[in-house]
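The paragraphs below are meant to be read with the model open alongside them.

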Amino acid sequence: MCGIVGYIGREQAAPILLEGLSRLEYRGYDSAGVAVFDNETGALAVHKAGGRLQVLHDRLRGGADLHGTAGIGHTRWATHGAPSDVNSHPQVSRSGRIAVVHNGIIENYSELRAYLTGQGIPFRSETDTEAAAQLIEYFYSGDLLAAVEKALQRIQGSYALGILCADCPDQIIAVRKDNPLILGYGDGCNFIASDVTALLGHTRQVSYMEDGELAVLTRDRIQCYNRQMQPIQPKPVAIDWEIDAAEKGGYEHFMLKEIMEQPEALRRCLSPRIRNGEAVFEGAVLNQAFLETMRRIHIVACGSSYHVGVAGKYHLERLTRRPVEVNLSSEFRYMDPIVDERTLVIVISQSGETLDTMAALREARRLGAPVLSLVNVVGSSIARESDQVLYTWAGPEIAVATTKAYTTQLALLSLLALWMARRLNTVSDEAYQAALAGFQALPEQMEAVLSRREEIRSFASQSSSRSSMFFIGRNLDYALGLEGSLKMKEISYIHAEAYASGELKHGSISLIEQDTLVVALGTYGRLFSKAVSNVVEVKARGAGVLALTTDSRKEEMARIADGVMTIPDADDLFLPILGAAPLQLFAYYTALLRGCDIDKPRNLAKSVTVE
């Protein structure tokens, strides 16, 4: 959530800042602002606006009205203080000499604010960020770096900070603790950003700041320091994907583009890991010695990644015969988890920066458990702090609601389950080879599912006026329903809930009334007859039913459901992957017909870096 961009060089900064911020809009925000050192006045020019970035862009005529070659910019998602011009970032100190942009939460801001107010320093905003700007100026006596260092000793919480001082127009200071921040290296210029997409138009050489690091940027160099303020030199890495990967490519929305990219994303994820008729995994955690002593598996994740874990639990337990527990990241470290050196902890995160998941990872490592992470973003914090990382290679995902990252996570976890079963001798050779063939056919099957999108659009046109929906299913279909209901509520703002079908009569069936829409999931063949019974059950209470099943069972389901979506017949391993696509499209077209802001749904952010 929130976006930071900073530039120092020889060109005018404001247009570059606005361009970078536009590439970070997908992260979620409610206001935007920039601060630029004005060479003519010798002061900081700060401009902020509530609402969309376009408001600020229009006020500044695309940056043409701001003159200066060093600046910082921000898109804010409100945590302290309502969205407004005054609460937008950058926040400035009393004199206006110091401007700060900030992602994260300053936990002791009330204490800092009370102290500074007691020193006669007035506050203008309701934000925690202003406390950082005022505190830095309080300690400032001509040495900006020393003032920042003293301020950081007093600040508690999580933060990525970009700091600009009117007395030091030739430098920007960047600080990172528990929030991502990237350094970009240019020719006669340098950058900071919270996401690499903001920088692709200007540089492909970046380095990822480690937790607790500080960096001083000038136009010609970047000097980094560790927690002890000792100079260090990070090694830049090259970004190898093109800028058009972060563009819409002719699609109306990023979400639809990313839904349609799933076949290729699955190929990138799976093809390198299946070689010569074998699934291939290796590394610090995934070795035979550990597998033979492994007693249990914990999966830890948030949101859609948690739903990957719920589906993955069924696969892992069936294939490896090891107990698997799935926990929400936000609960894991508070539940006194039972993990040790013989427990495999799998953390799943699209961004690799999810703060709750990061905290859970650190708790697991503190308890001695090896941590394996599944992430999409190379070089992200979770990837760097894990004992081993498996990248999904889904490519950049811009829409807030995840699609291709979800299906590649699930495909990767499912392939991992098969590989572990092979190593543990808990799967037959015949079943193993059949499953590998299924993985190789999965991208083509996904293409077949996506080719039916116009049919799914017609179902959405019949459902877009609903105020509530229920998704029901058993086993793998229940896991699929969790994700389907989340997609619907995320982007269409329709109340949607998922229930295990067997629990209907234990309370939730009381919510079914005339014309309630129930999305009944019946892809899991072993329990198809029970899925049919549940459809009959809800229809008897007046519900309308849209079902999802496999091609071979469409005719039977069509006899009782009001509408039927289908996916190709496949092994159980692939049903939740293939089944996700129709539910993504159903949610997308429903939201489209309701006129929702699909790529940037209200109150949501792509990367959740606050608790």
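In this predicted model, Asn425 sits in the loop that runs between helix α13 and helix α14, the latter spanning residues 429-450. The backbone at Asn425 has a phi near 60°, which is a positive value in a residue other than glycine. With a relative accessible area of 69%, Asn425 is exposed, because the threshold for that class is over 50%.

On the α13 side the contact is made by Tyr406, Thr407, Leu410, Ala411 and Ser414, and on the α19 side by Pro576, Ile577, Ala580 and Gln584. Sorted by class, this contact of α13 with α19 has 6 nonpolar and 3 polar residues, with no charged residues.

Helix α19, residues 575-593, also meets helix α15, residues 453-461, where the two axes come within 8 Å and cross at roughly 50°. That angle makes α15 oblique to α19, and α15 passes α19 in a right-handed crossing. From α15 the contact draws on Arg453, Glu454, Ile456, Arg457, Phe459, Ala460 and Ser461, while α19 contributes Pro582, Leu585, Phe586, Tyr589, Thr590, Leu592 and Leu593. The classes represented in the contact of α15 with α19 are 9 nonpolar, 2 polar and 3 charged residues.

Which members of the largest nonpolar core touch the most other members? They are Ile346, Leu416 and Phe586, out of 94 residues in that core. A second, separate core of 31 residues includes Ile121, Ala131, Ile136 and Ala147. Returning to Ile346, and setting aside its neighbours within four places in sequence, the residues in contact with Ile346 are Ile297, His298, Ile299, Val300, Leu372, Leu374, Leu413 and Leu416.

Leu181 is found between β8, residues 172-177, and β9, residues 182-185, and is buried, with a relative accessible area of 2%, because burial is assigned under 20%. Apart from residues up to four places away in sequence, Leu181 touches Ile4, Ala160, Leu161, Ala174, Val175, Arg176, Ala193, Ser194, Tyr208 and Met209. From C-alpha to C-alpha, Leu181 and Gly595 are 34 Å apart in space, and they are 414 residues apart in sequence.

Is Asn276 buried or exposed? Asn276 is exposed, with a relative accessible area of 83%. In the loop between β4 (70-76) and β5 (91-92), where Pro90 has its place, a cis peptide bond joins His89 and Pro90, with omega about 0°.

Definitions and conventions. Residues are numbered from 1 along each chain as its sequence is written. This is a predicted model: local features need pLDDT of at least 70, side-chain atom pairs count only at pLDDT 80 or more; totals for chains, interfaces and linings use all residues. Side-chain values use heavy atoms; hydrogens and water are left out. Axes are lines fitted to C-alpha atoms, for helices over the stretch in contact, and angles run from 0 to 180 degrees between N-to-C directions. Helices (H or I, at least four residues) and strands (E, at least two) are DSSP runs, numbered from the N terminus. Angles under 35 degrees count as roughly parallel, over 145 as roughly antiparallel, 65 to 115 as roughly perpendicular and the rest as oblique. A crossing is left-handed if the near helix is turned anticlockwise from the far one by less than a right angle, and right-handed if clockwise. Contact means heavy atoms within 4.5 Å. Ala, Val, Leu, Ile, Met, Phe, Trp, Tyr, Cys and Pro count as nonpolar, Asp, Glu, Lys and Arg as charged, and the others, Gly among them, as polar. A nonpolar core is a set of buried Ala, Val, Leu, Ile, Met, Phe, Trp, Tyr and Cys residues joined through side-chain atoms within 4.5 Å. Buried means under 20% relative accessible area, exposed over 50%, partly exposed in between (1.4 Å probe, protein chains only).
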